[in-house]
Amino acid sequence: MSVPDSLAEPATKDCSDCGVRNPPAAQFCMACGTELARPETPGGLRFVSVVFCDVVGSTGLATTLEPDRWAAVLDGYFTRVGALVQEHAGKVEKFIGDAVVAVFGVDAHGESAAAAAVAAASAIVRGTRAYAAELGELLAGDFPVRAAVASGHVAVSARTSSFVIGSVLNRAARLQQYAPDDGVIVDLATRLQLPDDVPLHAVEPVAAKGFDQAVPAWVVGASGAAPRSGDGPVLGRDALLGELATALTTALELPAARPLIVDGAPGVGKSRLVAEALDRCPPHATALLTCPPAGSGLGLLACYLLQDELEQAAAAPSARVEVTAHVTGLSSRAERAVAQDRGELVRALGSALARFRGDRPLALVVERAEWMPDVLTDVLGELCAAGLPQTAVVLVGVTAPPALTGGAAHRLTVPPLAEQDARLLAQRLLTVRQDDAEDSTAGPRGTDTAAQIAARAGGNPLYIEQMVALRRYGQEGDDWVPPSAHAALGARLDRLAPQTRELLTLLSAAGRDLALEDLAALMPSAQVATAAAALVEAGLLAKAEARRGKLAPAYPVVAEVALRRMTLAETAAVHTRLARAVESVAERRPAVAELLAGHWEAVHTALRGVEPSAPSTTGAASAAVGALGAAARFALSRGRPELVLGLTERARRLTPDDSPATWDIDVLEAYALGSRGMPKEALERVGRVLAADPGRIPEAAGIHARLNALYAGTYVTGEAPAVSDDPHYLAAVGADSPEARAGAHLYAGLQALRSGDHPAAERELHAALRAADGAPQCLGRTEIYANLAMALVNGDTPVPAALADCERLHREVAGSRLLSSAIAVPLALVRHMAGDLAGAEATMDEAEESLRELGQGTGAAMIAGWRAVLAARAGDWTEAAHWSSVQGERCDALGMTQQARIARLHVELALAIGGEPLAFQEPATTAEPEDDPTRPWVEHAVVLQARAARSLAAGDRHTAAAYLDATLDHLSAVRGSGALISPLLCAASLARRTGLPVAERALGVLGELVDRKQDRGVRLPRPA
């Protein structure tokens, strides 16, 4: 018998004006023309399943049949299709010729939308075949149809027709062309949402028009089944399995039936756990019913099927009955069921269960209890009320009917997998062989991928499986969130109160956990507390974080689903709120600058899709660039130059080529490249700035470009322009910007160091530090501290006072490894001067280790040169030659040509002083003339001494003495006793080998400076 009419859902629409009944697909009353009432369609974005159904060969039929006959055929077809769509909780979206487009999940039942869509498509295929048979000769031919189901996001409007827009409609239309006649084809996102019992057969990927790559597809109901989940051992569930097996065994022995509830999030592994637990129980009869999806129209059918199977199992004794109302077809046995109405069905089911069990314990398992039909709820309620002995009623689902939960004997909530077990599951799935080829994600990289998938999925086994499938079948540009997550979590979001949904959206867009005080700027505290409690109850909030006063989505996929449901305008609005809140703390907490930039980037991306030329769009881009610049400055201050280039690349994408902001970006990149030992690339960046009109360049950008040109030029070519006529210096020294003034004083201080005026350098660097204190995250701060400390060491300040000042500076910057490392070199030097040789070496070791860990290639290279200085001061010239050689090699590797040449000259000097033969290939003269005013004083001194060493090696003492006298004359113009000690130590050591008066002169000057500086660590050469 067919399903009784008294139990069927209504298939008509009553007009509110005239009362005439209309077909379900009708949008307007057929009698009076009034628009028929329809449920309100929510706006925004929804994850839905789309059915596209088309008549095969309709063009031939249309030309064969008379127009009125063809119109009558289509009218009947549309009426039946519309009714079937409505019966499965779908909506007809539009008619295109003889094609029908229907949408499922746009209003409710998102969890079951894909299954309902496939059920509807299959019913349409069967119903159309039956309709064609009814038409007989009227049709004059076959009437086959093809249907496709595709799932994805759509934008939903309040229109009555064409109310969804999205590429998923086009995908369904294209796939339909490759379905078999009277068949249904589905895409990957749909296939992943279907229960394992739906028969699917993979076909060759479809080369659909309009898609760059072939689309994976499966045919419904064909031979060959989709791979079932749940193979292999259960991971990480031993304790739960033991608890459930004990509870089931106890229930099978109780004198009265009481429900056992096994609940948890969709896909968490509840059914698998129940099956394993039942296998551990004593012998019993098992009746298992898998409830059909809500909205599939198969709820009552499932009860008929269960009754029919129970009757047959009772007649032919069997220990197990397993019933599923397939979404792809009706059962002929169900149509022969004898029940006539709901009350009779309740009684018939109860009797069938009693006959099936006989005198055995009975486990009645209801899967997907959240979709349980009312009639089955009544049956189970009567069973429990009747006090049937040795009966375990197991309700498995996300939730269970409230009527059955009150008297539950046991409730077990299945949590997600632990992190280790989730990672292991992902790794196993990633390494499954397909087509006899190992998946490319296996191996060490696969381990990393498995960890990422497990973390994103929050330990949900179903989501893990779907993510692996998306990696295997998905294509560039696809949505990588598990489709079941979109459906199930999206449905939960729809059920949330507006304020609760608002909180989850804010947490998802924040990209981090938010403390309650952070949220105070976004929502009233009372609303936060209420909404947070609701999110915890819904399983959408991380409980552990909430207990610590921080709120965050339960796992990343929750946030991804929430964000994916927002329109562009909503996305821009929520990120603007978050950006405004972060802005209020960014100045005092510079570490959040990149977070702020991310919000403004999100705002810009969203607005560009809505109003690309609007001031709000360009304003968001400008705000993002400013925040990215602040983040790059913070990275530089923390010694993380490798992060800067990524930040500036993001800023460039938002900056027009002719914008002044490009010069700021160039300067930031120059600092980062210089720190990483790439001076040539740094010169290229600042060259673009310095080539522009100085009047257009912001003062800070101009002077810091000049500073970087000075650094890089010194390392590569040794060239540096004078201060007096530099337009960037002149513009910056009187600028309002503290960063510009700090740069100007730093520039002047560096030039003073180059010229040998260390007291003047100390004054300029103190002024630079004062200016930098007025500019948080000021560029050049590291250079200011390092050179100020070096000026203290190299100036006339006695060693005890210089040591105290350097240690004070070192304490001031103790929170920054980069600044500490920069000050550590002069601190090591002054400790050596104070006679603390071991402390000096330890400080130098710490500095080099930090610079290497921070990726400061330039600093690490130069430290080798300072180690050579310490060795020379100790009288170990062989060690000094070694470290100068190391410095030369490091500088060569970094492209620091000039510094490498100077280092090789130091090697030559150390070998000569140590009495070792020279085997050096450096030319006898340098490329620069001796009187070149741009050469740093110390380099000129090294060149003169190297010539003296070569003369000594050639046996020409007098020429050597002349070069050394020239060296002493050159050094006499230098101001700063501390700076002169090392070059004079070298000159005096060479001079004593000449046996000429220059030796006495050099030793006398050196001794006077050592006493003035109070240097107790240097080992003076013995008189000849």
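A residue counts as partly exposed when its relative accessible area lies between the under 20% of buried residues and the over 50% of exposed ones. In this predicted model, Q390 has a relative accessible area of 32% and is therefore partly exposed. Q390 sits in the loop that links α11 (374-386) to β15 (391-397). Its backbone deserves a look as well: phi of Q390 is positive, about 50 degrees, although the residue is not a glycine.

With a relative accessibility of 28%, D182 counts as partly exposed.

Turning to the helices, a packed pair is described by the angle between the two axes and the distance between them. For helix α17 (residues 498-510) and helix α22 (residues 568-586), the angle is about 70 degrees and the axes are 10 Å apart. This makes α17 roughly perpendicular to α22, and the crossing of α17 past α22 is right-handed. On the α17 side, the contact is formed by E502, T505, L506, A509 and A510, which meet V574, H575, R577 and L578 of α22. Sorted by class, this contact of α17 with α22 comprises five nonpolar, two polar and two charged residues.

Finally, helix α32 (residues 781-794) contains N787. N787 is buried, because its relative accessible area of 18% falls under the 20% cut-off. Leaving aside residues up to four places away in sequence, N787 touches L746, L750, L753 and L765.

Key
Residues numbered from 1 in each chain as written. Predicted model: local features only at pLDDT ≥ 70, side-chain atom pairs only at ≥ 80, totals over all residues. Heavy atoms only, no water. Helix = DSSP H or I, 4+ residues; strand = E, 2+ residues; numbered from the N terminus. Buried < 20%, exposed > 50% of the residue type's maximum accessible area, 1.4 Å probe, protein only. Contact = heavy atoms within 4.5 Å. Axes fitted to C-alpha atoms, helices over the stretch in contact; angles between N-to-C directions. Parallel < 35°, antiparallel > 145°, perpendicular 65-115°, else oblique. Left-handed = near helix turned anticlockwise from the far one by under 90°. Nonpolar A, V, L, I, M, F, W, Y, C, P; charged D, E, K, R; others polar.
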